[in-house]
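I hope they are handy to have beside the model as you look through it.

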Amino acid sequence: MRFFKRTLLFITLVFILPAFASLAWWAIQDRPGSWRSADWSASGVLPHATDDPRAAIYVMAARTGGMKGALSVHSWLVLKRADASSYDRYDKVGWGSPVRRNAYPADGRWYSNTPYVVAAITGEEAERLMPQVEAAIASYPFSQRGDYGIWPGPNSNSFTAHVLRSVPDLDIALPPTAVGRDYRPGLFAFDHTPDWSDVHVSLGGLAGIAAGLRSGFELHFLGLVAGLDLRRPALKVPGFGRVEVWPSATAGEKAAPAI
């Protein structure tokens, strides 16, 4: 009984209270009432495709719509071949044929929320990895109608996470607020990077643990993530994402909410 009480207290302090704090913060934000009234236009976060002739791979994210935005972002991939005059955007949605190409502007707002760049790779490295990224997009196993689950997945973040796992040389981790990124089919799943620098255990996407150079140390509970980033020192707080230990945030982290 004592173990049960301590476990419940731990879950309450580490997961439930931060999540409710984020919900309270989000509830007072000015948000569109529906997808019809939301702004989906280009945000200007990315440079024009012709401004830089180099190949590029971007991972992008923005807070999602409704009260879900208190806890989660929507993520997608943007690709540009060398000397191309436009970007190609790939993301997964919850209606129709789920994996979409260029359904929205490359840096379009998501439910009026301005996106940010989670990570960017340009130049020769982007050219080298581009075929692998495209192959991973094509091999995504949940790409048919009906292959979408808002929670625990497979959702938009499960799609982006699949590509990042399939191309480990990208060395990119989705933000902790990308609910669904840790989804794995089945009741139990264990996977690791080819060099074992990152390991992941999942119980049906409902609970799990991740540890390694890319993940740091993470505990997963009902899609929420709590943990530590060891490479770029930060706390990972449910609903709020990365909280820098000292002010050295990237553009993406600056977009995280603060109360």
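1. Let me begin with the charged pairs. The count comes to 15 salt bridges, where a salt bridge is a side-chain nitrogen of Lys or Arg within 4 Å of a carboxyl oxygen of Asp or Glu. Please keep in mind that this is a predicted model, in which local features need pLDDT of at least 70 and side-chain atom pairs count only at pLDDT 80 or more, while totals for chains, interfaces and linings use all residues. Residues are numbered from 1 along each chain as its sequence is written, and side-chain values use heavy atoms, with hydrogens and water left out.

2. A pair worth a look is R81 with E134, whose closest N and O atoms are 2.7 Å apart. This pair links distant parts of the chain, 53 residues apart: R81 is in the loop between β2 (73–80) and β3 (88–92), and E134 is in helix α2 (residues 124–138). Helices (H or I, at least four residues) and strands (E, at least two) are DSSP runs, numbered from the N terminus. R81 is partly exposed at 43% relative accessible area, and E134 is partly exposed at 29%. Here buried means under 20% relative accessible area, exposed over 50%, and partly exposed in between (1.4 Å probe, protein chains only).

3. Is the pair of K236 and E218 buried or exposed? K236 is buried, at 7%, and E218 is buried too, at 2%. Their side chains form a salt bridge with an N to O distance of 2.5 Å. K236 lies in strand β11 (residues 234–237) and E218 in strand β9, so the pair ties together parts that are 18 residues apart in sequence.

4. Now to the strands, which pair if DSSP finds at least two bridges between them. Strand β7 (residues 198–203) runs antiparallel to strand β8 (residues 207–212), and six bridges join them. V201 stands opposite I209 in β8. Three residues lie between the strands in this hairpin, where G204 takes a positive phi near 65°.

5. β8 also pairs in the antiparallel sense with strand β9 (residues 216–221), again over six bridges.

6. Finally, the β8–β9 loop has a charged contact of its own. The side chains of R214 and D171 meet in a salt bridge at 3.2 Å, N to O. D171 lies in the loop between α3 (156–166) and β6 (189–192) and R214 in the loop between β8 and β9, so this contact ties together parts 43 residues apart in sequence. D171 is partly exposed, at 39% relative accessibility.
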